[in-house]
Amino acid sequence: MKLGTWMSIVSILAGVWVILSPYMVGFAPKHGNPWTGIVLGTTILGALMILASLVGLIGFWGLRLKEMGQEVHRPAEQQ
């Protein structure tokens, strides 16, 4: 449970890095059209990484919280 959550958070940060990396390492053009092939491709890839991570994180925790809520309302078994 904890590993999956942490890996999703790391994946979100990796997606942010993929989006920002062309600007940080100098591949983005300084003048003219900012949406060149390298910038557009990395932006789309980073956005897809972030989206997939968020869907996984929300889906996992949604199911986990639903399961935890059902455990609270379940009556104790008699021995």
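Predicted model: local features only at pLDDT ≥ 70, side-chain atom pairs only at ≥ 80, totals over all residues.
Local features need a pLDDT of at least 70, side-chain atom pairs count only at pLDDT 80 or more, and totals for chains, interfaces and linings use all residues. Residues are numbered from 1 along each chain as its sequence is written, and side-chain values use heavy atoms, with hydrogens and water left out.

E67 has a charged partner. The closest N and O atoms of R64 and E67 are 2.8 Å apart, and the two residues form a salt bridge, a term for a side-chain nitrogen of Lys or Arg within 4 Å of a carboxyl oxygen of Asp or Glu. A search of the whole structure finds 1 such bridge. Both residues belong to helix 2 (residues 37–73), where they sit 3 residues apart, about one turn of the helix. An α-helix has 3.6 residues a turn, so residues three or four places apart point the same way. R64 counts as partly exposed because its relative accessibility is 22%.

The aromatic side chains come next. The whole structure holds 1 aromatic pair, counted when rings of Phe, Tyr and Trp (its six-membered ring) have centres within 6.5 Å; planes under 30 degrees apart are stacked, over 60 edge-to-face and the rest tilted. The pair is F60 with W61: their ring centres are 5.3 Å apart and their planes stand at 80°, so the arrangement is edge-to-face. F60 is partly exposed at 33% relative accessibility, and W61 is partly exposed at 29%.

Now to the start of the chain. Helix 1 covers residues 2–25, which is 24 residues, and spans 33 Å from its first C-alpha to its last, close to the 34 Å expected at 1.5 Å a residue (1.5 Å times one less than the number of residues). At I19, shortly before the proline P22, helix 1 has a kink of about 40°, the angle between axes fitted to the seven residues ending there and the seven starting there. Its buried residues are T5, S8, I12, G15, V18, S21 and P22. Just after helix 1, G26 adopts a positive phi of about 95°.

Overall, the chain contains 2 helices and 0 strands, taken as DSSP runs (H or I, at least four residues; E, at least two). Of its 79 residues, 19% are buried.

Methods:
Buried < 20%, exposed > 50% of the residue type's maximum accessible area, 1.4 Å probe, protein only.
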